[in-house]
Amino acid sequence: MASTHILSAYDDELKYLSRRISEMGGLAEQMCGDAVRALVNSDSALAQKVISDDVILDHAEREIQDKAIVTIARRQPMAADLREIVGTLRIGADLERVGDLGKNTAKRVIAVQGTGVPRKLARGIEHLSDLALVQLKEVLDVYASRSAEKAEAIRIRDEEIDAMYTSLFRELLTYMMEDPRNITTCTHLLFCAKNIERIGDHATNIAETIYYMTTGAQLEGERPKDDTSNTLGAITE
Amino acid sequence: MNMMSEAAVEKALDQKMNDASYKMIGKDVSVYYGEKRALFDVNLNVRENTVTALIGPSGCGKSTFLRCLNRMNDTIENCRVTGRITLDTDDIYDQNIDVVELRARVGMVFQKPNPFPKSIYENISYGPRIHGLARNKADMDQIVEASLQRAGLWTEVKDRLHESGTGLSGGQQQRLCIARAVAVSPEVILMDEPCSALDPIATAKVEELIHELRANYTIVIVTHSMQQAARVSQRTAMFHLGQLVEENDTDKMFTNPDDQRTQDYIMGRFG
């Protein structure tokens with residue numbers, strides 16, 4: 001923000017909101033990383049930690065919402081300030097969802113425990129999660145710098161995650177067809193993969209919100225998509 | 001009241017606003033108070049059936065511009081206006097223009113309610129009488145009632161039309177002044193901070209009135225309250241240091257203005 005408000009308390013309120021969003025982002029990112037690590041290493045203690053961290057994240061989101069609403073009522077923000085606060089609300093909601101997806105992945109760690117996650121699949125999931133977490137980390141950096149250009153660039157990159165997810169989807173189907181005893185584990189892994197793919201979508205949402213906050217314009221057109229899993233048949237030809 | 005039809009009326013009005021030619025056109029308007037120049041080549045057009053809000057910090061020239069629109073600046077000694085202002089096709093600074101008639105076509109409401117120290121009835125009937133708008137008492141009664149109806153004041157004062165206008169509350173006095181302006185059937189109504197002396201409830205009533213008047217009149221309002229400009233207007237013009245900085249759709253102006261100075265002003269920032 002180039003200039004400051006005549007009312008310094010107003011600046012403090014906006015800074016507070018922005019700081020809390022960054023904190024939420026850091027926690028959500030950490031939760032998702034931990035959840036995948038717990039899955040790959042069958043670490044139920046770590047999974048449990050992710051589940052309890054989600055309470056903190058939910059609480060933070062509600063607090064941000066309350067503060068944002070009070071700020072709107074008190075300051076009647078205009079133009080960039082208004083977009084900033086509306087953006088804060090949207091990003092807060094996206095990050096809260098990211099946390100939920102991390103938590104859901106963590107819960108599945110307990111379900112697949114003991115069945116042993118095939119090494120190859122674990123690597124696939126790890127790779128997908130690396131992509132999604134880089135996306136999330138970068139979008140949070142862009143949030144700090146408020147660069148519309150970088151926000152737009154991130155949005156385009158979601159394609160990679162979608163392609164990776166589709167290939168993992170195929171692989172899981174193959175495992176299930178090979179041996180029905182794999183179905184329980186693979187179904188859980190499929191949900192985990194879907195969760196991670198959704199994290200990428202939320203990162204994209206956040207990028208779009210940052211673009212709007214900075215420019216006042218909405219990013220036009222469909223975002224690029226390479227997720228073709230919704231048309232994949234169970235029995236391949 | 002039927003919600004659908006109200007929305008339809010609103011939509012028709014917006015359509016009318018977009019199609020309408022300009023009601024008033026200001027071209028290269030400059031104003032000098034003696035040696036001091038208060039307005040610098042302002043080009044601002046006022047659309048028909050539209051509420052246009054003029055905003056900007058104190059001394060930016062917004063009131064000066066407003067007062068050019070019905071030649072109220074004529075009353076100030078040393079004041080000189082250059083450029084051209086037209087109402088429909090008439091140049092309002094033309095020598096042949098009757099200023100009294102101009103001010104009947106372009107009415108004005110001031111910051112502080114200023115009812116005449118006469119009865120409510122006479123406050124309204126004064127204008128129509130001097131402009132010869134009523135042929136008889138029945139005609140005049142009709143004008144008074146219709147004007148008070150339009151200003152949303154009729155039910156509050158109909159039983160005491162012959163009591164003094166100054167006995168009303170501040171908000172009622174201001175609506176009386178609006179009724180008085182409406183009584184001479186103007187085409188344009190100018191309002192110079194009409195709510196700055198009113199409490200929030202009275203302000204809301206005046207704003208509701210402005211909203212309704214838009215269907216029949218063209219309104220230009222100067223306001224210090226950005227929220228008020230955002231609430232009542234469809235177009236907003238921002239003045240700064242005697243210059244027109246930006247004129248835009250109100251919705252755009254308050255979410256994503258084009259000019260940095262507008263941005264800083266409406267967000268309450270140092271430039």
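This is a predicted model: local features need pLDDT of at least 70, side-chain atom pairs count only at pLDDT 80 or more; totals for chains, interfaces and linings use all residues.
## Helix α2 of chain A

Just after helix α2 of chain A, the residue A:Q76 takes a positive phi of about 45°.

## Chain A as a whole

Chain A contains 6 helices and 0 strands, and its elements, read from the N terminus on, run α-α-α-α-α-α. Along the principal axes, the C-alpha trace of chain A spans about 70 × 40 × 25 Å. The radius of gyration of chain A is 20 Å, which agrees with the value near 18 Å that a compact globule of 237 residues would have.

Of the 237 residues in chain A, 41% count as buried. When the contacts in chain A with a separation of 6 or more are considered, residues 24 or more positions apart account for 84% of them.

## Chain B as a whole

Chain B has 11 helices and 10 strands. Its radius of gyration is 19 Å, close to the 18 Å that the globule rule gives for 271 residues, so chain B is as compact as a globular protein of that length. Taken along the principal axes, the C-alpha atoms of chain B fill a box of roughly 55 × 45 × 35 Å.

Buried residues make up 44% of the 271 residues in chain B. Among the contacts in this chain between residues at least 6 apart in sequence, 68% join residues at least 24 apart.

## An open sheet in chain B

In chain B, 4 strands form an open sheet in the order β2-β1-β4-β5, and the pairing is antiparallel. Strands β2 (36–47) and β5 (90–91) of chain B stand at the edges with a single partner strand each, so one side of each is left without a neighbour in the sheet.

How many bridges join strand β4 of chain B to β5(B)? There are 2 bridges between β4(B), which covers residues 79–87, and β5(B), and these two strands run antiparallel. Within this part of the sheet, B:T86 stands opposite B:D91, a residue of β5(B).

## Helix α7 of chain B

Helix α7 of chain B covers residues 170–183 and has 14 residues. It reaches 20 Å from its first C-alpha to its last, close to the 20 Å expected at 1.5 Å a residue. This helix is mostly covered, with 13 of its 14 residues buried. Just after α7(B), the residue B:S185 takes a positive phi of about 50°.

## Contacts between the chains

Between the two chains, 13 residues of chain A are in contact with 14 residues of chain B. By class, the side of chain A that touches chain B has 6 nonpolar, 5 polar and 2 charged residues.

Methods:
Residues are numbered from 1 along each chain as its sequence is written. Chains are lettered from A and ligands numbered from 1 in the order in which they are written. Two strands pair if DSSP finds at least two bridges between them. The expected span of a helix is 1.5 Å times one less than its number of residues. A residue is buried if 20 or more other C-beta atoms lie within 10 Å of its own, exposed if 12 or fewer, and partly exposed in between; C-beta atoms are placed from the backbone. Two residues are in contact if their C-beta atoms, placed from the backbone, lie within 7 Å. Ala, Val, Leu, Ile, Met, Phe, Trp, Tyr, Cys and Pro count as nonpolar, Asp, Glu, Lys and Arg as charged, and the others, Gly among them, as polar. The radius of gyration is taken over C-alpha atoms; the globule rule is 2.2 Å times the number of residues to the power 0.38.
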